[in-house]
Amino acid sequence: MKIIAIDRKGVEHTVEGTIGWTVMEALRDAGLPVAAECGGACACATCHVYVDEEWFGKLSPPSPEELDMLDMAVAVESNSRLSCQIRCDPALEGIKVTIAPE
Amino acid sequence: MNSMTPVNPPPERAETDVIIIGAGPIGLFAVFELGLLDLKCHLVDILDRAGGQCTELYPEKPIYDIPGIPLVTGQELTDRLTQQIRPFGAQFHFGEMASALHRLEDGRWQLSTDAGTVLVAPVLVIAAGGGSFVPKRPPIAGIEDYEGKSVFYAVRRIEAMRDRDVLIAGGGDSALDWTLNLAPVARRLTLVHHRDGFRAAQHSVTRMRELVAEGKIDFHVASVKALHGAGGQLEAVTLAGADKKEWRHGANAFLPFFGLTIKLGPIAEFGLNLHENLIPVDTAKFQSSTPGIFAIGDINSYAGKLKLILSGFHEAALMAQAAFKICRPNEKLRFQYTTSSSSLQKKLGVA
């Protein structure tokens, strides 16, 4: 599935996501600058993204664990999510995310 | 980082066989492999305890790919490694950042830390993972100019906050602990967080809410958008609420507590031909381009590298063989198994 990712310079990238894998993994494998320090364990908040409004509501709501971890992210907005907690799914085809500041 | 820094002991100078930067699982296991060869170690780590990412990022998360241990948490793995290396009496320098490296005339390495510790050894092992854990800096324009003067990522002396208008940002234990600790000292204390929910200990959250109800502190669901002041002295900040409405809030001390992130730090200046923040090594010794300096674990790179704890363990074992030849050039190294060698078992305290 296609993921549209906007990097920290505002440049738009089209990235291929594998169904069942996470958006973080797709961004990281495409060489985009998500640190993902904990490797996807929902333990570091360094894969923080803003999800475009059109897609935000389609996501399954964040777990209490993810909400807790977002407390450790900087510049959290109402459409903030951790990309390691978003699983690629055909329903999310074309999802647009912006990589949050470091 | 939510505890106060104790008064530092006087700077130490020590000579040893091997200096290890990083007390994560790989640095710890390196102590074991080096110890079997009678090599003594000093370890330097910026965190205040052993374990590196395992204890800092995921102490309670299960790890499933440690050979022979179907499930272990980051904390348990660290505890077990600490137990395993106890016979070897390694010296730990916690809360210190390896800051400068020099080669002495006799060929040994001299490593200095930001706390003034000076270590000298023929072998340096870098087991620093992704680098140093440092406080996350909020992406607010110009915040660097205020750091250390009116923006602080740690509180070293409570008295430094007396009678100041303190603004704390964050929703974890550090943010809540300092809100409670500084409330009686500050002239006015305000806590801001992006949501009305916290990941901190429940009793801290309850106490904070009591203080708000008593009118002793303020809490806003808001985030800091801009800093205002001059010469590093903060005068006010711009806050934005959940409804994006912005307002100006007077504050002359700002304490952002968003946990730690990993930055490579001074290792980048050690002259090791870094490639994308990784240290290239050979796969026979895991030695860097500089003889006597080894790199093991997540910080090294070679063809086929996998960033797995088990790979780091293997790298530590091979590194130790090569380190022995540097530290004991006139001695013969005999390969032995812990299962059958009574001399190894003596070192381990089991024979």
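User: In which order do the five strands of the open sheet with parallel pairing stand in chain B?

Analyst: This is a predicted model, in which local features need pLDDT of at least 70 and side-chain atom pairs count only at pLDDT 80 or more, while totals for chains, interfaces and linings use all residues. Residues are numbered from 1 along each chain as its sequence is written, and chains are lettered from A and ligands numbered from 1 in the order in which they are written. Helices (H or I, at least four residues) and strands (E, at least two) are DSSP runs numbered from the N terminus, and two strands pair if DSSP finds at least two bridges between them. With parallel pairing, the five strands form an open sheet of chain B in the order β6-β3-β2-β10-β20.

User: Why is one side of β6 and of β20 of chain B left without a neighbour in the sheet?

Analyst: β6 (91-94) and β20 (293-295) of chain B stand at the edges of this sheet, so one side of each has no neighbour there. The reason is that each has a single partner strand.

User: Which residue stands opposite V125(B) in β20(B)?

Analyst: Strand β10 (residues 123-126) of chain B pairs with β20(B) in the parallel sense, over three bridges. In β20(B), the residue opposite V125(B) is F294(B).

User: What angle does the direction of α6(B) make with that of β10(B)?

Analyst: Helix α6(B) packs on the sheet and touches β2 (18-21), β10 and β20 of chain B, where contact means that the C-beta atoms of two residues, placed from the backbone, lie within 7 Å. Axes are lines fitted to C-alpha atoms, for helices over the stretch in contact, and angles run from 0 to 180 degrees between N-to-C directions. Between α6(B) and β10(B) the angle is about 160 degrees.

User: Which strands are at the edges of the open sheet of four strands in chain B?

Analyst: This sheet has mixed pairing and the order β1-β9-β8-β7 in chain B. β7(B) pairs with β8 (residues 109-113) of chain B in the antiparallel sense over five bridges, and A98(B) stands opposite T113(B) in β8(B). The edge strands, each pairing on one side only, are β1 (13-15) and β7 (98-103) of chain B.

User: How many residues of chain A are in contact with chain B?

Analyst: On the side of chain B that touches chain A, the residues divide into eight nonpolar, nine polar and three charged. Here Ala, Val, Leu, Ile, Met, Phe, Trp, Tyr, Cys and Pro count as nonpolar, Asp, Glu, Lys and Arg as charged, and the others, Gly among them, as polar. Contacts join 20 residues of chain B to residues of chain A numbering 17.
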